[in-house]
Amino acid sequence: MSFLDLKNITKIYPNGTKAVHETSLSIDEGEFMVFVGPSGCGKSTLLRMVAGLEEITEGEITLDGNLINEVDPSERDIAMVFQNYALYPHMNVYNNLAYGLKNRGIDKQAIEQKVNDAAKLLQISDYLQRKPSMLSGGQRQRVAMGRAIVRNPKIFLFDEPLSNLDAKLRIQMRLEIKKLQQKVGVTSIFVTHDQTEAMTLADKLAVINNGVIEQLSTPIEIYNNPKSLFVAGFIGSPQMNFMEGELKNKTLSAEGFEIKNVKSDYNGEVTLGIRPEHLSQSDNGLINLTVDLVEQLGSDNLVYGQLKDKKDFCYRCPGNLTIKKGSKLSLNIDNDNYFIFDKSSGKRVN
Amino acid sequence: MKIKPLQISAHIILILGVLLMVVPIWISFASSTHDTVTILTEGMKFNIGEHLSRNYNEVLNEKGGWSEEVTAAKMFINSFIMALGIATLKVIISAMSAYALVYYRFKLAVPIFWLIFITLLVPLEVRIFPTYKIVSDLGLTNSYTGLILPLVASATATFFFRQFYRTIPDELLESAKLDGANSWRFFVDFLIPLSKTMIAAMFIFMFVYGYSQYLWPLIMTTSEKYWTVVMGMKIIFTESYEGVALPRTAERFAYIILSMIPPVLVVVILQKWFIKGLIQTEK
Ligand SMILES: Nc1ncnc2c1ncn2[C@@H]1O[C@H](COP(=O)(O)OP(=O)(O)OP(=O)(O)O)[C@@H](O)[C@H]1O
Ligand SMILES: [Mg+2]
């Protein structure tokens with residue numbers, strides 16, 4: 001049995017919204033799990049059920065061997081970092097960190113020790129006497145983290161904690177969170193709708209759509225081997241290119257080209273997916289692209305253009321290639337790096 | 001710095017306002033330092049007279065009332081106890097009931113709130129006979145409990161606390177819960193400190209409300225030991241002259257000045273909190 005187990009969890013809100021459908025999932029001790037998915041897919045709901053802030057309609061949650069469905073949040077020994085931090089506005093930073101410890105009846109000296117250690121780890125020692133309103137966004141973020149760490153809880157929950165920060169700070173805090181989690185070694189669940197954040201942070205990634213986990217695996221496995229059209233489209237930046245086509249006797253025919261010897265016995269209408277980075281230019285390529293726009297990122301160029309049937313398409317090439325607007329490119333798919341999905345169900349078929 | 005005409009006119013208006021407030025008080029004070037005969041013959045005074053210490057001494061120590069049992073000092077103490085009790089209990093009770101209404105999401109919370117709100121339409125003066133009946137059945141006439149108890153529920157304060165609690169984000173409660181706070185701790189450690197300006201303001205209003213009660217103490221006290229300042233204002237310091245009760249005007253002015261002191265003290269003391277809360281913007 002693993003550390004945190006969710007068994008057939010369903011959540012129906014009092015107004016009838018079904019936010020989570022029969023979801024099962026297990027997390028090992030020390031693992032960093034990320035829930036990723038579009039807005040409204042039920043990530044926060046799932047997280048809040050683990051925290052005990054939302055009632056569980058059906059199913060069981062066990063933490064460290066104990067069923068916690070009916071355990072009050074204050075007794076669960078779980079720490080959570082909220083999107084807007086929810087710092088205690090009337091307490092200074094020191095008391096923000098110390099409050100949870102005081103409630104647990106820990107003696108004063110031990111509290112001081114723990115708070116100072118956590119403050120040092122997060123580099124907030126200088127602000128301990130300040131009120132949260134006198135801190136910058138990044139500092140508040142650290143205090144919120146400190147409040148979670150200082151109690152040494154069984155599990156950390158993060159609900160989009162970085163979304164209020166500017167882009168640069170977000171990347172910096174992302175790194176810090178990862179480092180911190182590795183140092184402290186606490187089991188964590190992190191909710192985000194940003195796929196880059198998800199990919200970089202996760203040991204395990206759960207891609208959620210419409211209250212269902214579409215795929216649960218390591219980030220790299222999900223990237224290399226998406227199980228459904230939704231996952232393929234959601235993970236990866238820029239987004240995977242999709243084309244309509246038909247698969248018959250191991251031959252895929254799409255608008256303007258064919259792929260032979262496809263490793264699939266499926267016959268019928270399909271969607272073909274190709275990542276922009278899995279393409280290269282060649283003389284007699286399968287795909288002909290008319291370039292509309294080139295984004296130069298320095299290391300890479302993102303080339304946007306149209307196929308014969310006016311479909312938008314993206315190709316990512318090394319930054320040292322110069323590509324002009326309006327030029328025509330002929331592209332090949334690298335090493336059979338393409339994905340085929342059943343058009344109606346969205347399931348992967350190759 | 002140049003002084004603009006607009007600033008001058010603004011100051012003139014403000015000064016007029018201040019005068020409007022201060023002059024009557026000054027007249028009262030000045031008049032309280034003369035003797036009654038001077039005032040009755042010459043009218044109210046703007047200058048300080050010679051009888052300041054004598055008048056105030058008399059007011060504080062002379063026994064008054066029908067049976068000469070009560071002094072003004074005693075009445076000040078009574079009023080102070082009554083106002084303090086009313087204000088304290090009103091604040092505590094309304095803060096707690098607002099807490100229940102906002103944070104315990106039971107179905108009847110909204111109807112109950114409106115029920116509380118409707119009591120604004122029935123002030124004590126309207127329900128004074130049933131209230132008197134209950135208090136006297138409980139044997140509470142002529143007691144501080146009887147003076148205070150019927151006045152401790154406050155729809156206004158409950159309303160203000162409720163509106164304030166509703167602006168506090170849910171995450172704060174959730175975060176506190178995860179930090180191991182139960183409902184009581186959340187009330188004490190969060191809602192009370194966050195609403196301390198509100199508490200100070202409510203306390204001031206309710207203190208003045210309690211201090212200026214007239215009808216209720218008049219009806220429920222038969223013993224002069226429980227007389228309050230406002231009642232006393234009408235009754236004490238009269239002099240019999242040819243069978244007619246004449247007021248001792250100078251002493252009465254002194255009495256009025258003294259009666260202003262307790263509420264002013266409360267305002268002055270609590271104002272520090274009040275302003276501190278306004279300056280520190282705590283979200
Ligand atoms: N208290 C509630 N009552 C009713 N429906 C709710 C409630 N909270 C959330 N929902 C609904 O449940 C679904 C899932 O919501 P949830 O907050 O879990 O989404 P999310 O994945 O966290 O989205 P976001 O990325 O925007 O935060 C949504 O359709 C939402 O409208
Ligand atoms: Mg959310």
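On a 1 Å grid over the protein atoms alone, a pocket is an open set of points where a 1.4 Å probe fits, with protein on both sides within 12 Å along at least five of seven lines; its lining residues have an atom within 4 Å of a point. A volume is the space filled by probe spheres set on the points, which are joined across faces, edges and corners.

The model here is predicted, with local features needing pLDDT of at least 70 and side-chain atom pairs pLDDT 80 or more, while totals for linings use all residues. Residues are numbered from 1 along each chain, and side-chain values use heavy atoms, without hydrogens and water.

**Exercise 1.** Describe the largest pocket and its lining.

Step 1: the space in this pocket comes to about 920 Å³.
Step 2: 28 residues line the pocket, and those closest to its centre are Gly52(A), Leu53(A), Glu55(A), Leu173(B) and Lys177(B).
Step 3: sort the lining by class, and you get 12 nonpolar, six polar and 10 charged residues.

**Exercise 2.** Find which residues are closest to ligand 1, and look at the oxygen contacts of the ligand.

Step 1: a backbone N or O atom of Gly40(A) sits 2.8 Å from a ligand oxygen. For Gly42(A), a polar backbone atom is 3.0 Å from an oxygen of ligand 1. Glu160(A) instead uses a polar side-chain atom, 3.0 Å from a ligand oxygen.
Step 2: on its own, ligand 1 has 640 Å² of accessible area (Shrake-Rupley method, 1.4 Å probe), and the protein covers 62% of that.

Note on methods
Chains are lettered from A and ligands numbered from 1 in the order in which they are written. Ala, Val, Leu, Ile, Met, Phe, Trp, Tyr, Cys and Pro count as nonpolar, Asp, Glu, Lys and Arg as charged, and the others, Gly among them, as polar. A residue is near a molecule or strand if one of its heavy atoms lies within 4 Å of it. A polar contact is a pair of N or O atoms within 3.5 Å; within protein, one must be able to donate a hydrogen and the other to accept it, and residues adjacent in sequence count only if both atoms are side-chain atoms.
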